[in-house]
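Have the sequence and the model open while reading.

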Amino acid sequence: MRLAGLVLGGILAGSLAPGASAQTPDGAAIFRDQCAVCHQPAGQGLRGQFPPLAGNADIFLSRDFPARVVLFGLSGRIVVRGETIDSAMPPLDFLSDREIVAVVAFVRQSWGNAGLPHKAMKPLDAATVAALRAKKQTLAGTVFRERERLKGMAAKH
Ligand code: HEC
């Protein structure tokens, strides 16, 4: 019986663990479907309108900064790789926690971005995204300020 319990427990843990649907979301596909229309298929951005994500070290400003942008949007004047953009990104909070993790990982690993200088950080995880999402009331509208704060910290190093 004990063995049967272990086997059954293993099967349940493997197949029915919460949030563990069979497939890990495909970050590349999410980028292509949800981000590329603005940031362009190779993450190169569109001059004066959409900032590049390729070669943009801001994606490493903090462990969760890109997740905040995706959950809550971003608006305000920013300078990316010498180019000023004063626009707005809408929240894409219809993406699930795991989809946001996957697309952020994709952006951080693509186009040579992994080689950008940045401090070491644990990969983003779904629990962190869920916790941010739960704080929407207080965090929505703060992403631009958070970006400025993190930029200020980065500039001091
Ligand atoms: C409708 C157009 C649009 C879509 C779709 C979009 N973005 Fe954006 N994104 C923008 C704009 C515009 C900005 C700059 C906002 C500003 O000027 O303050 C931006 C900014 C960002 C930034 C901050 C860049 C920096 O240097 O601080 C990140 C990160 C980002 N987007 C990631 C994503 C990801 C990931 C997706 C897909 C899940 C996505 N965006 C989808 C328009 C878009």
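## Terms and basis

Buried means under 20% relative accessible area, exposed means over 50%, and partly exposed lies in between (1.4 Å probe, protein chains only). By that scale methionine 89 is partly exposed, at 24%.

The model is predicted: local features need pLDDT of at least 70, side-chain atom pairs count only at pLDDT 80 or more, and totals for chains, interfaces and linings use all residues. Residues are numbered from 1 along each chain as its sequence is written, and side-chain values use heavy atoms, with hydrogens and water left out.

## Overall fold

The protein chain has seven helices and two strands. Helices (H or I, at least four residues) and strands (E, at least two) are DSSP runs, numbered from the N terminus. From that end, the order is α-α-α-β-β-α-α-α-α. The chain has 157 residues, and 38% of them count as buried.

## The iron site

Which protein atoms are donors of the iron atom of the ligand? They are NE2 of His39 and SD of Met89, lying 2.0 to 2.1 Å from the iron. Donors are N, O and S atoms within 2.8 Å of the metal (3.2 Å for Na, K and Ca); water is not among the atoms, so sites may look incomplete. Histidine 39 lies in helix α2 (residues 27–39) and methionine 89 in strand β2 (residues 83–89), so the pair ties together parts that are 50 residues apart in sequence. Histidine 39 is buried, with a relative accessible area of 10%.

The iron has six donor atoms, the angles among them run from 88 to 180°, and the site is octahedral. Four donors count as tetrahedral if all angles lie between 85 and 135 degrees; four count as square planar and six as octahedral if opposite donors are over 155 degrees apart and all others between 65 and 115; anything else is irregular. Ideal angles are 90 or 180 degrees for six octahedral donors.

## The ligand shell

How many residues surround the ligand? The shell holds 28, and the closest are Cys35, Cys38, His39, Asp58 and Met89. A residue is near a molecule or strand if one of its heavy atoms lies within 4 Å of it. Helices α2 and α3 (65–72) and strands β1 (74–80) and β2 each supply at least two residues of this shell. The ligand takes the space of the largest pocket.

A polar side-chain atom of arginine 147 lies 2.7 Å from an oxygen atom of the ligand. For serine 87, a backbone N or O atom is 2.9 Å from a ligand oxygen. In histidine 39, a side-chain N or O atom is 2.8 Å from a ligand nitrogen.

## Contacts within the chain

Threonine 128 sits in helix α5 (residues 126–134). It is buried at 18% relative accessible area. Its side chain makes a polar contact with the side chain of arginine 63, at 3.3 Å. A polar contact is a pair of N or O atoms within 3.5 Å; within protein, one must be able to donate a hydrogen and the other to accept it, and residues adjacent in sequence count only if both atoms are side-chain atoms.

Alanine 29, in helix α2, is buried at 16% relative accessibility. Its C-alpha is 9.6 Å from that of alanine 102, 73 residues apart along the chain. Alanine 102 belongs to helix α4 and is buried too, at 12%. From alanine 102 to aspartate 125 the C-alpha separation is 9.0 Å, across 23 residues of sequence. Leucine 71 lies in helix α3. At 1% relative accessibility, leucine 71 is buried. Its C-alpha lies 8.4 Å from that of isoleucine 100, 29 residues apart in sequence.

## Positive phi in two loops

Most residues other than glycine have a negative phi. Arginine 81 has a positive phi of about 50° and is not a glycine. It is found in the loop between β1 and β2. Is arginine 81 buried or exposed? At 60% relative accessibility, arginine 81 counts as exposed.

Tryptophan 111 also has a positive phi, about 55°. Its loop runs between α4 (97–109) and α5. Tryptophan 111 is partly exposed, at 29%.

Conventions: On a 1 Å grid over the protein atoms alone, a cavity is a set of points where a 1.4 Å probe fits but cannot get out, and a pocket is an open set with protein on both sides within 12 Å along at least five of seven lines; lining residues have an atom within 4 Å of a point. A molecule sits in a cavity or pocket if more than half of its atoms lie within 2 Å of its grid points.
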